[in-house]
Amino acid sequence: MSASSETGRMNMASIGFIGIGLMGHGIAKNLIEKGHTLTVMANRSRERVDDLVARSAMEVKTPREVAAASEIIFTCVPTSKDVEGLVYGKNGILSGAREGLIHVDTSTANPVSTLEIATDYHARGLRFVDAPLTRTPKEAEEGRLNVIVGASPSLLEEILPVLKCFAENVFHVGEVGAGHKMKLINNFMAMSHASVVAEAVAVARATGIDPRALYDLVSAGGANSAMFQMIMPYVLEGDPSRLQFAISNGRKDLAYFIEMVNDAKATGLIGPAVLQTLTIANALGHGGKHVPHLTDVLTQLNGSNRSG
């Protein structure tokens with residue numbers, strides 16, 4: 001079948017989705033709204049699955065059933081261990097997949113695991129694409145995510161109509177594995193900057209500098225950034241909603257990043273310090289909170305108070 005005919009077929013594909021969380025719900029909703037047939041499996045959120053079923057999705061109980069019903073499967077789960085469990089576990093994707101199945105993993109995952117899965121899929125006549133996401137659940141609901149794709153050019157062309165159902169921008173960064181590598185680099189930069197902002201706020205409080213004055217100054221200068229603007233509404237108004245990303249997920253991503261750095265025998269100096277910040281925050285019980293709460297952690301460690 002030619003690439004153009006494959007692309008046409010994907011304009012109305014049978015799609016499976018596992019991982020109906022904050023990001024996954026928006027993606028799945030947009031796939032339904034664009035006319036695709038969707039089969040879903042509950043992971044943690046009953047409410048979001050019920051909403052998709054009300055929109056015409058079919059619910060099944062196992063990854064095997066999702067695979068058997070689908071031409072494409074999307075996964076959007078927290079860790080590589082979760083992805084591996086869906087693929088290799090009892091009644092997993094591999095046990096129900098038909099030849100030619102495409103598995104698109106939108107999770108932020110360990111590239112070592114990604115390449116191992118891709119190799120096992122290839123041996124079975126299946127295909128694996130790493131397509132992690134940037135932006136927030138708000139853009140997921142709006143169908144305006146950024147997608148970072150690791151796949152061959154021909155496979156990207158085949159699935160592009162499906163990706164465009166929920167993506168504003170699609171970045172093709174290389175062959176399979178490259179998407180997850182790029183996402184880890186991106187998240188290393190994001191969490192590093194978030195840690196710097198949190199420490200700056202904590203030191204401002206400790207030294208008697210008004211965080212509002214810090215905001216005004218930074219907003220007008222070269223240190224300003226999207227990350228700064230997403231965190232400061234929490235500092236100034238108690239609103240963490242601008243950055244809905246859990247500290248525990250940031251910690252996981254930094255651990256993957258450092259493993260990738262070490263595997264490449266590269267030099268990484270800042271990553272371990274950022275990982276330590278996120279690890280301490282997690283150990284103090286903040287792991288389930290959004291990243292803007294890092295400002296509280298650093299303030300606590302400095303012996304100050306949030307209103308200082």
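A pocket, for this tour, is an open set of grid points where a 1.4 Å probe fits, with protein on both sides within 12 Å along at least five of seven lines. The model on your screen is predicted, so let's see where such space turns up in it.

**Stop 1: the largest pocket.** Start by selecting M23, R135, P137, Q244 and F245, which are the closest to the centre of the largest pocket among its 50 lining residues. The space here comes to about 1500 Å³.

Next, colour the elements around this pocket. At least two lining residues each come from α2 (22–33), β7 (133–134), α8 (137–142), β8 (145–150), β9 (167–174), α10 (178–206), α12 (226–237) and α13 (247–263). Which element gives the most? That is α10, with eight residues. Switch to colouring by residue class, and the lining splits into 21 nonpolar, 20 polar and nine charged residues.

**Stop 2: a residue in α10.** Stay on helix α10 and pick A194. Is A194 buried or exposed? Its relative accessibility is 0%, and because buried means under 20%, A194 counts as buried. Show its neighbours beyond four places in sequence, and you will find contacts with M227, I231, V291 and L294. For a sense of distance, draw a line from the C-alpha of A194 to that of G92: they lie 37 Å apart in space and 102 residues apart in sequence.

**Stop 3: the second largest pocket.** Finally, select A118, H122, L126, R127, F128, A151, S152, L155, E175 and V176, the lining of the second largest pocket. Here α7 (111–123) and β6 (127–130) are the elements that supply two or more residues. The volume is about 170 Å³, and the lining comprises six nonpolar, two polar and two charged residues.

Key. Residues are numbered from 1 along each chain as its sequence is written. This is a predicted model: local features need pLDDT of at least 70, side-chain atom pairs count only at pLDDT 80 or more; totals for chains, interfaces and linings use all residues. Side-chain values use heavy atoms; hydrogens and water are left out. On a 1 Å grid over the protein atoms alone, a cavity is a set of points where a 1.4 Å probe fits but cannot get out, and a pocket is an open set with protein on both sides within 12 Å along at least five of seven lines; lining residues have an atom within 4 Å of a point. Grid points are joined across faces, edges and corners, and a volume is the space filled by probe spheres set on the points. Helices (H or I, at least four residues) and strands (E, at least two) are DSSP runs, numbered from the N terminus. Ala, Val, Leu, Ile, Met, Phe, Trp, Tyr, Cys and Pro count as nonpolar, Asp, Glu, Lys and Arg as charged, and the others, Gly among them, as polar. Buried means under 20% relative accessible area, exposed over 50%, partly exposed in between (1.4 Å probe, protein chains only). Contact means heavy atoms within 4.5 Å.
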